[in-house]
Amino acid sequence: MHRYILTLIYLFLVNGPLNAQEGNCDMDYINASWGRLYQSYTVENDMGKSLDVLHDLCDCARELEVYAELLYGWIYIANLEKETRNYDRMHIYLDSLGKHLDIHDDIIADDWVGIKVDYYFLLGEYYQHYKKWYELSSLNYQKSVDILCDYSGYNEKEDVGLFKEKNKFSFNIVSLFNNLAIAYDYLGDLEKSILYHKMSIQLVDVFKDDTQNYTKLGVLQNLFHAYVENKEWTLAEKTVDEFLEVNKNFKSVSKESEYRRKRMLGLSYKNRAIIKIENGDYTTAENLLSASLEVCEDPMVYTYSHQLLSEIFVRTNRLDSSRNALEKSDSSSIVKWGLLNREMAQNKIYWSRYHIGNNAPDKALEVLESGLEMLIGHTLDAAKNESKLDYANATDKMLAFDFVLEILNLAISNHQVEDIGAYMELGRKLIAQLHANVLTTDSSKFIFSKKCKAFYEKATLLSEEQDRNIAYLNTQKAKGYIMLQKMQDTRAAEIVGLPLEIQQNGKDFRQEILRLGKERDEYAKNQMKVDSIDKLLFSTNQQYDAYVQNLEKEYPTYHALKYQIPETSLNELKGILRRKGATLLEYFLGDDNMFIFVIDENGIQHVETVPVTDTLIADITTMNHCVSTLDFSYGTFVKFHDSSSRLYEHLIGHVDAHIHNKNLIVIPDEQLNLIPFEALVSRKKTFDDTSYARYHQLDYLIADYDISYHYSSNLIGIRAMNGNEERKDFLGIAPSFVQRGGIQELKNNLQEVESGLGRYPEGKTIVGLDATYDEVMSSIKEYRMVHFATHAIFNDRVPLDSRIELADTSIYIYEIFGMDHNLDLAIMSACETASGERKKGEGVISLSRAFIQSGCPSVIASLWSISDQKTSMLMQIFHEYMGAGKSPKHSLSEAKRRYIDEAITKNVHPFYWSGFIQIGEVEEPERKIPLFIWIGVGLLFISGLIFGILKWK
């Protein structure tokens, strides 16, 4: 509580309530008024009387020109108006406060800080609870937090200040952090939401009071839902366990506190039921929801529990029970929130599923359309749609997107939906707005990308027959969006000409946040360490947010450009494919269907729809295991032969008649990223002799095509903005690890890079103990091509811990994202550099992707751990072709073909040669014809002309 309340509680307890000194407007009267406020508000719980006292206090303070008292009075009036839901009157007083904040600088520092903290906190509450403008609410809460941190002297390294001990602003600090977390949740920024919820829990433990347990339960409830949205089910379940443990210690001292305890217990049962439904355990989930309803009759618990019950009843084909549950959910929603609310809209999704189960698709469509109307004012009249859609908050837009998915499902099930194109356009608008203006972190974007993938699969299926160009554009938008946005951010900075120092500051902040995220994942089981890292994350995020806000304010053109995600049109793509003499094979692997697009310089040649079956997915898994494991047994050979040849039929055989170029660009999707297409067996054979594996007798796809890969066709047309055109050709890096215990020496890496050095006019190698972090990072910006012949480690538990090993330390994946280089090609002849965590709609999160995202247009990387000796052989052949002027794709393909031709029988196993792949496309520079050649041609032309004239005469 602020200083007056703390003082006057003591006065009240000692002397009883202070009475007003009527007619005397002085400081004694003001102090007495604070005592009267305590009596009327805390003891008598009389809001009307409290407001009268505050108005008297403000009148007196204005007369005496005691502005600190006046502004504090307005703060309390605004807060009381909020509690009575008079939000318009609340805003009047906040508006007055805002106008006075920069006028009265004579107020003492402590009071000035307290007033500002309270002002921004209340302004945030006004925007959050009344206007539902979550971006503005988060900005104001953030200002309040910034002021608190500055004033409290918070030092994250010494752990003092804000999180160490109770301070004079503790009356609202937990609510402040909790509200800010909720605002970020509504904005779709789940990483920050979780971080601030966890900060709130730490603060609850610092500011112990009578409501500690109840407050902590509320924060844990919010944290649980953030984990669920973030699909972190283990952490969600852990939060429920903590929730129940805290609830055991909840002491009921009144009927109201007992109601709160039961309400929280009901919520905990409901939360655990959500996890059981996710795992398909409907019986346990139903029992938990029944227990939730028995514990209390709170409208919120009642609404959510019946929604979940209705879903269980639909899935278990108990439609009468589902209808009954939904009617109860509707009635409790009205009691809690009124007729028009988000929960009522959400109920309509459950109602639609009930109607579909009851074979009433028209009714299902009707309730879905009415839900969209409630959320974003959507009708098929685009003019009416625009304004309310643009101003809707992120949560309503997310829910509206779920409605669109449900409507597309109806259309796919052969139900006639009027003007389905309008709903697909609405889905695209929602995706664009959420990605550009709302979803701010990779985590939140990755989660939303899964929904986007489902949308584009449905949109592609619906549009394929009518317009395959639109079908292709749908699949194109579903891939690599986050990578494109990251790259566009960098390009926008360079286009606008942001000073290099400012750009570097942004990179440093982003790398530090990623580093802390990596460290946090490493210490996941050490709660004390995690809490400490969370504080550092909190502080770094504070600084980065301030950096971004200042940057976008000072450079509005940069702010506009960074969200203009470049798209390669079909005409542009045709031109690129014409220049390259290439055919593009793009795969879109949905939940139920796989789409294959064949595109060349003449446009889309063919679209094939292939059902996604268990056999298809099993063959991908089998082939991946067979090629990445060195097993010469005949049984494994048969598994590889059969799975690979079946995959060839599914992936290539359906469309091979439409491929007219030897040069192939493959854009795989989902599990298809796990297999090298080069190793697909194009002709199935029968073998009578089962004594040994015959990998050398198989017909591989590499024999017929030069193959490269990419994450998205939008990326094919993007050329890295390399500012240094005076770059040298080749940098080879081959470290020694004698000073790093536990890392095995490589016997052939030095030979590998030296073979490359001799093939290029300008080259350099950094080898042995000289291949240090500082030397590599300072040298790399001078070269077009870098070749890492070293170890690399992919950490599937903590992807941000993935790294390239050097003589003294490692280059981590998060450092590659922000690396300063001018590369056209990065070669990583190291283990698993193209392997990584698969993200739906985004491809594989790997070391190779990190280089592409950092602006390097092409990478040669490995899908698994490959023999040091065979890698060296393959790379030496590769550099031989590159040095002769061939493209990276052709050089790598020729190296593979030559390796297969020259290898002895056993060594033709695809493990040795198919693991290296090229990702991305290097745009070949225009070759300038030297001046002396132009002069020579000119002289020959003139001589010929003169000779012709003389002869004619």
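This is a predicted model: local features need pLDDT of at least 70, side-chain atom pairs count only at pLDDT 80 or more; totals for chains, interfaces and linings use all residues.
The chain has 953 residues, and 56% of them count as buried. Its secondary structure comes to 38 helices and 16 strands. Among contacts in the chain with a separation of 6 or more, 71% are between residues 24 or more positions apart.

Two helix pairs come next. Two packed helices are described by the angle between their axes and the distance between the axes. Helix α28 covers residues 614-628 and helix α29 covers residues 634-653; their axes come within 8 Å and cross at roughly 130°. That angle makes α28 oblique to α29. The crossing of α28 past α29 is left-handed. From α28, the residues that meet α29 are Thr 615, Leu 616, Asp 619, Ile 620, Thr 622, Met 623, Cys 626 and Val 627. Their counterparts in α29 are Thr 636, Lys 639, Phe 640, Ser 643, Ser 644, Arg 646, Leu 647 and His 650. Sorted by class, this contact of α28 with α29 has seven nonpolar, six polar and three charged residues.

The second pair consists of helix α31 (residues 749-757) and helix α35 (residues 868-883), whose axes come within 9 Å and cross at roughly 5°. Angles under 35 degrees count as roughly parallel, and α31 and α35 are therefore roughly parallel to each other. On the α31 side, the contact is made by Asn 749, Gln 751, Glu 752, Ser 755 and Gly 756. On the α35 side, Asp 868, Thr 871, Ser 872, Met 875, Gln 876 and His 879 take part. By class, the contact of α31 with α35 has one nonpolar, eight polar and two charged residues.

The strands follow. In a regular strand the side chains alternate between the two faces of the sheet. Strand β5 (residues 706-709) can be read in these terms: Asp 706 and Ser 708 point one way, Ile 707 and Tyr 709 point the other way, and all are buried. Strand β4 (residues 663-667) runs parallel to β5 and is joined to it by four bridges.

Strand β15 (residues 858-862) has five of its five residues buried, so it is largely enclosed by the rest of the structure. The burial applies to both faces of β15: Ser 858, Ile 860 and Ser 862 are buried on one side, and Val 859 and Ala 861 on the other. Two strands that pair with β15 can be traced from here. Strand β12 (residues 825-828) runs parallel to β15, with three bridges between them, and Leu 825 stands opposite Ser 858. Strand β16 (residues 916-920) runs antiparallel to β15, with five bridges between them. Here the bridge partner of Val 859 is Ile 919 in β16.

A further sheet is open and has three strands in the order β9-β10-β11, with antiparallel pairing. Its edge strands are β9 (792-793) and β11 (810-812), each of which pairs on one side only. Two bridges link β9 to strand β10 (residues 803-805) in the antiparallel sense. Ala 792 has Ile 804 in β10 as its bridge partner.

Glu 65 sits in the loop between α3 (47-64) and α4 (67-83). Although Glu 65 is not a glycine, it has a positive phi of about 60°. The relative accessibility of Glu 65 is 55%, so this residue counts as exposed. Asn 359, in the loop between α16 (342-357) and α17 (361-376), likewise has a positive phi of about 60° without being a glycine. The relative accessible area of Asn 359 is 67%, which places this residue in the exposed class.

Asn 249 belongs to the loop between α11 (233-248) and α12 (255-278). With a relative accessible area of 46%, Asn 249 is partly exposed, since the exposed class requires a value over 50%. Asn 249 and Asn 213 are 36 residues apart in sequence, and their C-alpha atoms are 7.4 Å apart in space.

Key. Residues are numbered from 1 along each chain as its sequence is written. Side-chain values use heavy atoms; hydrogens and water are left out. Axes are lines fitted to C-alpha atoms, for helices over the stretch in contact, and angles run from 0 to 180 degrees between N-to-C directions. Angles under 35 degrees count as roughly parallel, over 145 as roughly antiparallel, 65 to 115 as roughly perpendicular and the rest as oblique. A crossing is left-handed if the near helix is turned anticlockwise from the far one by less than a right angle, and right-handed if clockwise. Contact means heavy atoms within 4.5 Å. Ala, Val, Leu, Ile, Met, Phe, Trp, Tyr, Cys and Pro count as nonpolar, Asp, Glu, Lys and Arg as charged, and the others, Gly among them, as polar. Two strands pair if DSSP finds at least two bridges between them. Buried means under 20% relative accessible area, exposed over 50%, partly exposed in between (1.4 Å probe, protein chains only).
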